[in-house]
Amino acid sequence: MRAETQATIEAIRKSLKLLGQRMDWETAPHRLEELNAMIEAGDIWSDQARAQKLMRDRQMLSDAVETYRRIESELKDNAELIELGEAEGDDEIVADAEAALKSLAELAAQKELEALLNGEADGNDTFLEINAGAGGTESADWASMLARMYVRWAEKKGYSVELLSETPGEEAGIRSAAYKISGPNAYGWLKSESGVHRLVRISPYDSAARRHTSFSSVWVYPVVDDNIEITIPDNEIRIDTYRSSGAGGQHVNTTDSAVRITHLPTGIVVTSSEKSQHQNRANAMAALKARLYQLELDKRNAAINAQHEAKGDAGWGNQIRSYVLHPYQMVKDLRTGHETSDTQGVLDGALDAFMAATLALDVAGKSRAEAQAED
């Protein structure tokens, strides 16, 4: 067996070992049986929140067990095929099995990384807010490009996307937008996107075709599970209703259905303007609870806390990533150094490599901190 193939097999075994440790493989099948039994018991449906949490936990554990068994089985089968092919001198069998192992190694590495999404709220759905920085039409257009990028990314993941509110720009683009993105580990993946994003390009709005730099901020907060109690006293919030913009012409929205909630102690403001006033209020309260929960998470995580304290304006000195479309093509993350020349792919939602690099950096930092604490 070639040395390269042996290295691929060892890499898969390493990923498999880490996957097993993360899910506690020795007890995982038994825990899955317990969850199945609890869900099949009809009495859990009297508590919808608990039932939904059990369903989500069951699905995540089921997927993890299935993935582990698949990798383990395909590793064994292809290793045996290589040995058989080499023994019989069948180069075609060997080549096919080696190619399958390379693909399996990529899958194993991806699943290993996903298994690191074990923060307190990583498995939750998420709220995502985009705000244009200073710069008028340029920044508003950039904010709309970011919104499209994240919607495309979410759709590729199979996540559902709900637009909660949107403020259009004066001439083009958007000044702000808020989304709820739902799916397994939505917050765990997207949390690395919080920060200021910088665009450099030849402006389509400049008749002189000059290069412009634009900034927009992205902030991500976990949707709070129903089993997490967040109490907000009535005297700490102010609720305003206002007229939301609807379709033009005879269908224009003329009711004061949009809702804005201000949390007085922190100054946090959340809005929802896409549904009925009753639904808007529910959406806005959920978003406010998510923001307050994020503040609590920040207190427990010094790295995240420092990031949010340094939020600042959407401008120089605060950016986490640069998207350069002129004079060359490059997207570069300033935290990890990860970069690519496939700018169109990134703007079409190819963000996994950037998120993975940041996640790996965060995990490495936590590991170093834990090691130092033990010393």
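**The sheets and their surroundings**

Mentor: In this predicted model, strand β7 (residues 258–263) is joined to β6 by 6 bridges, and the two run in the antiparallel sense. One of the residue pairs can be named: tyrosine 242 has alanine 258 of β7 as its bridge partner. These strands belong to an open sheet of 3 strands, ordered β6-β7-β8, in which the pairing is antiparallel. The edges are taken by β6 (237–242) and β8 (268–272); each has a single partner strand, so one side of each is left without a neighbour in the sheet. On average, and with direction ignored, neighbouring strands in this sheet are turned by 15° against each other.

Another open sheet has 8 strands, in the order β2-β3-β1-β5-β4-β9-β10-β11, and its pairing is mixed. In general, the strands of a sheet pair through backbone hydrogen bonds, either parallel or antiparallel. The edge strands here are β2 (160–168) and β11 (339–340), each of which pairs on one side only.

Within this sheet, strand β1 (residues 126–132) pairs with strand β5 (residues 211–222) in the antiparallel sense, over 7 bridges. Alanine 132 has serine 216 of β5 as its bridge partner. Helix α5 (residues 137–157) packs on the sheet, where α5 touches β1, β2, β3 (174–182), β4 (195–202), β5 and β9 (319–324). The direction of α5 makes about 45° with that of β5.

Strand β9 deserves attention next. On one hand, β9 pairs with β4 in the parallel sense over 5 bridges; on the other, β9 pairs with strand β10 (residues 330–333) in the antiparallel sense over 4 bridges. Arginine 321 can be followed through both pairings: histidine 197 stands opposite arginine 321 in β9, and arginine 321 in turn stands opposite aspartate 333 in β10.

Of its 375 residues, 43% count as buried. Among contacts in the chain with a separation of 6 or more, 62% come from residues 24 or more positions apart.

The axes of helix α3 (residues 48–88) and helix α4 (residues 91–114) come within 9 Å and cross at roughly 155°. An angle over 145 degrees counts as roughly antiparallel, and α3 and α4 are therefore roughly antiparallel to each other. The crossing in which α3 passes α4 is left-handed. On the side of α3, the contact is made by Thr67, Arg70, Ile71, Glu74, Leu75, Asn78, Leu81, Ile82, Gly85 and Glu86. On the side of α4, the contributing residues are Ile93, Val94, Ala97, Glu98, Ala100, Leu101, Leu104, Leu107, Ala108 and Lys111. By type, the residues of this contact divide into 12 nonpolar, 3 polar and 5 charged.

Notes:
Residues are numbered from 1 along each chain as its sequence is written. This is a predicted model: local features need pLDDT of at least 70, side-chain atom pairs count only at pLDDT 80 or more; totals for chains, interfaces and linings use all residues. Side-chain values use heavy atoms; hydrogens and water are left out. Axes are lines fitted to C-alpha atoms, for helices over the stretch in contact, and angles run from 0 to 180 degrees between N-to-C directions. Angles under 35 degrees count as roughly parallel, over 145 as roughly antiparallel, 65 to 115 as roughly perpendicular and the rest as oblique. A crossing is left-handed if the near helix is turned anticlockwise from the far one by less than a right angle, and right-handed if clockwise. Contact means heavy atoms within 4.5 Å. Ala, Val, Leu, Ile, Met, Phe, Trp, Tyr, Cys and Pro count as nonpolar, Asp, Glu, Lys and Arg as charged, and the others, Gly among them, as polar. Two strands pair if DSSP finds at least two bridges between them. Buried means under 20% relative accessible area, exposed over 50%, partly exposed in between (1.4 Å probe, protein chains only).
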